Amino acid sequence: IACDMHPDYSSTRTAQQLAARWRVPLVRIQHHHAHVLSAVAEWQLSGRTLGLAWDGTGYGLDGTAWGSEAIVVEGRAWTRLAHLRAFPLPGGDRAAREPRRAALGLLHEMGTRGADSPAANWFTPPEFAALQAALDRPQLFPRSTGMGRLFDAVAALGGLKTVVSFEGEAAMQLEFAADPTEGTAYPLPLSDAMPAVADWEPLVRCVLHDLRGGCSLATVAGRFHRALAELAVAMATRAACHQVVLTGGCFQNRHLTHCVRARLSEAGFDVYTQRRVPPGDGGIALGQILGAADQVGA
């Protein structure tokens, strides 16, 4: 029986019950590894492959919320090559429906607090004071490297919805706002560590500077998408893998997918996007099957 690593998913509990009842092995496949394997399976790829698995959240090996993963797979082996710098999510899962919380976490991590923070206008004064005080106690909130949460934060900073009715709504608004002709990318430097860390702070500071200077949201959103395309090239160059798969819920964003695929192709990489299998969580079962089969030798 194959399942996700998250201990609280109902599917995980069902898998545990079935494995015990049928007396068969239970194989837990990390969420983003499964995303990458689903694309590998769809395209029947072999050899060393880089997967960019970008989404809102997935349970990480260290117990934190992953979501901006550059994963190298080769046979049964896989390595987390790179990801975004982590930031706190005040309220945990509530951040998926309240982009203002992801933005507040970024701003607090940057040291932008109190009345100087744009987030002061998104909450009542008592709420804002309570959240600020709680953020000063790091153990209270989970930390995230989710690309989807970065989308949410930039959308909130740009004046789009700070509270949404479904996960991904703010990111969709940011996609639709983007100027597709914008060729300038915000800085999103990748460290030399292993795994490498992409620092979003220079990008966020540029977003705030442009917005205060009267720059249009279309330009800001366009530059943000371009930054992610340049990050993809930096990750692929670091991995030195000729073939790259794009997967995860963020790649349901047509503009992002086009920008990333175009830049990677220009840089000489073979790029594979999912067509028959959903890039979102609807496709990870296929990856879990492939991962479990590799582990049990099926």
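Guide: Contact here means heavy atoms within 4.5 Å. With neighbours within four places in sequence set aside, Leu50 touches Ala70, Ile71, Val72, Leu81, Met235, Ala236, Ala239, Cys241, Gln243, Val244 and Val245.

Guide: A word on the ground rules: this is a predicted model, with pLDDT of at least 70 needed for local features and 80 or more for side-chain atom pairs, while totals for chains, interfaces and linings use all residues. Numbering runs from 1 along each chain as its sequence is written, and side-chain values use heavy atoms, leaving out hydrogens and water.

Visitor: Why is Leu208 called buried?
Guide: Buried is under 20% relative accessible area, exposed is over 50%, and partly exposed is in between (1.4 Å probe, protein chains only). Leu208 comes out at 9%, so it counts as buried. Leu208 belongs to helix 7 (residues 201-212); helices are DSSP runs of H or I with at least four residues, strands are E runs with at least two, and both are numbered from the N terminus. Beyond four places in sequence, Leu208 is in contact with Leu107, Met110, Pro118 and Leu157.

Visitor: What makes the pair of Trp54 and Phe251 stacked?
Guide: Rings of Phe, Tyr and Trp (its six-membered ring) pair if their centres lie within 6.5 Å; planes under 30 degrees apart are stacked, over 60 edge-to-face, the rest tilted. The whole structure has four such pairs. Trp54 and Phe251 lie 5.3 Å centre to centre with 25 degrees between planes, so the pair passes both tests. The pair links distant parts of the chain, 197 residues apart: Trp54 is in strand 3 (residues 49-59), and Phe251 is in the loop between strand 9 (243-247) and helix 9 (254-266). Both Trp54 and Phe251 are buried.

Visitor: How do you know that the charged end of Arg80 sits over the ring of Trp66?
Guide: The test wants NZ of Lys or CZ of Arg within 6 Å of the ring centre and within 35 degrees of the ring normal. Arg80 meets it over Trp66, at 3.6 Å from the centre. Arg85 does likewise over Trp200, at 4.4 Å.

Visitor: Which residues have the most contacts inside the largest nonpolar core?
Guide: Leu50, Leu52, Trp54 and Leu264, in a core of 72 residues. Helix 8 gives the most to this core, with 12 residues. Another core, of nine residues, lies apart from it and includes Leu45, Val73, Val245 and Tyr272. To be a core, a set has to consist of buried Ala, Val, Leu, Ile, Met, Phe, Trp, Tyr and Cys residues joined through side-chain atoms within 4.5 Å.

Visitor: Where is the cis peptide bond?
Guide: The bond joins Met194 and Pro195, with omega about 0 degrees. Pro195 is in the loop between helix 6 and strand 8 (196-198).
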